[in-house]
Amino acid sequence: MIEEQKKSGRPRKYDADYFPHYCNHNRTLEIIVHKYGNEGYGFYYRLQELLGKTPRHGYDASSELKYEYLLSKTGVKHEKADEIITLLCEFGELDGNLWKESKVIWWYSFVESLKELYKRRKNQLPEKDDFMLVLLSEEGFRGTKEEEEELRDTEIHKVK
């Protein structure tokens, strides 16, 4: 009974203390390293570190302060960050529309790499819609009215 109470009172965790860092680089990382050297390599993995410790693994860089924090955590200047993020969007690593429209980072394959972590926690893997709903509820959504309604409808259907 006490063990049961302990489990039910513990909040679910939606961040990560680690993520897989593979020795064999994918095509995207190879191109980033070729174009930007160690600065690009550092940006790539430091962005993953930031996403790993951010609840639900997305990042909202829409305000100047949050964008500056992104730059400080990744260790690059504004122009280089924009170039690398644009490249990641072109390769389909990041959600390009979300970045262009709202300056929000969602890296699907990174979140997928955490599947085993969430399986052990017996939590569902965070999804983009979950992350966007958190943004909507915490700070007010900066998308279009249609996007906001679509997100709310998605959440209503999930609950049912």
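Contact here means that heavy atoms lie within 4.5 Å of each other.

## The whole chain

This is a predicted model, in which local features need pLDDT of at least 70, side-chain atom pairs count only at pLDDT 80 or more, and totals for chains, interfaces and linings use all residues. Residues are numbered from 1 along each chain as its sequence is written, and side-chain values use heavy atoms, with hydrogens and water left out.

The protein chain has nine helices and two strands, and along the sequence they run α-α-β-α-α-α-β-α-α-α-α. (Helices are DSSP runs of H or I with at least four residues, strands are runs of E with at least two, and both are numbered from the N terminus.) Take the contacts in the protein chain with a separation of 6 or more: 63% of them join residues 24 or more positions apart.

Of the 160 residues in the protein chain, 39% are buried. (Buried means under 20% relative accessible area, exposed over 50%, and partly exposed in between, using a 1.4 Å probe and protein chains only.)

## Helix α3 and its buried side

Now for α3, where Tyr67, Leu70, Leu71 and Thr74 are buried. They cover an arc of only 95° around the axis, so they sit on the same side of α3. (That arc is taken from the directions from the helix axis to the C-beta atoms.) Here's the handy background: an α-helix has 3.6 residues a turn, so residues three or four places apart point the same way.

What covers these buried residues? The cover includes α2 (27-53), β1 (58-60), α4, α5 (96-102) and β2 (104-106). After α3 comes glycine 75, with a positive phi near 75°.

## Where α3 meets α4

The axes of α3 (residues 64-74) and α4 (residues 78-90) come within 10 Å and cross at roughly 85°. (Axes are lines fitted to C-alpha atoms, for helices over the stretch in contact, and angles run from 0 to 180 degrees between N-to-C directions.) The two helices are therefore roughly perpendicular to each other. (Under 35 degrees counts as roughly parallel, over 145 as roughly antiparallel, 65 to 115 as roughly perpendicular, and the rest as oblique.)

On the α3 side, Tyr67, Leu70 and Leu71 meet His78, Ala81, Asp82 and Ile85 of α4. By class, this contact has five nonpolar, one polar and one charged residues. (Ala, Val, Leu, Ile, Met, Phe, Trp, Tyr, Cys and Pro count as nonpolar, Asp, Glu, Lys and Arg as charged, and the others, Gly among them, as polar.)
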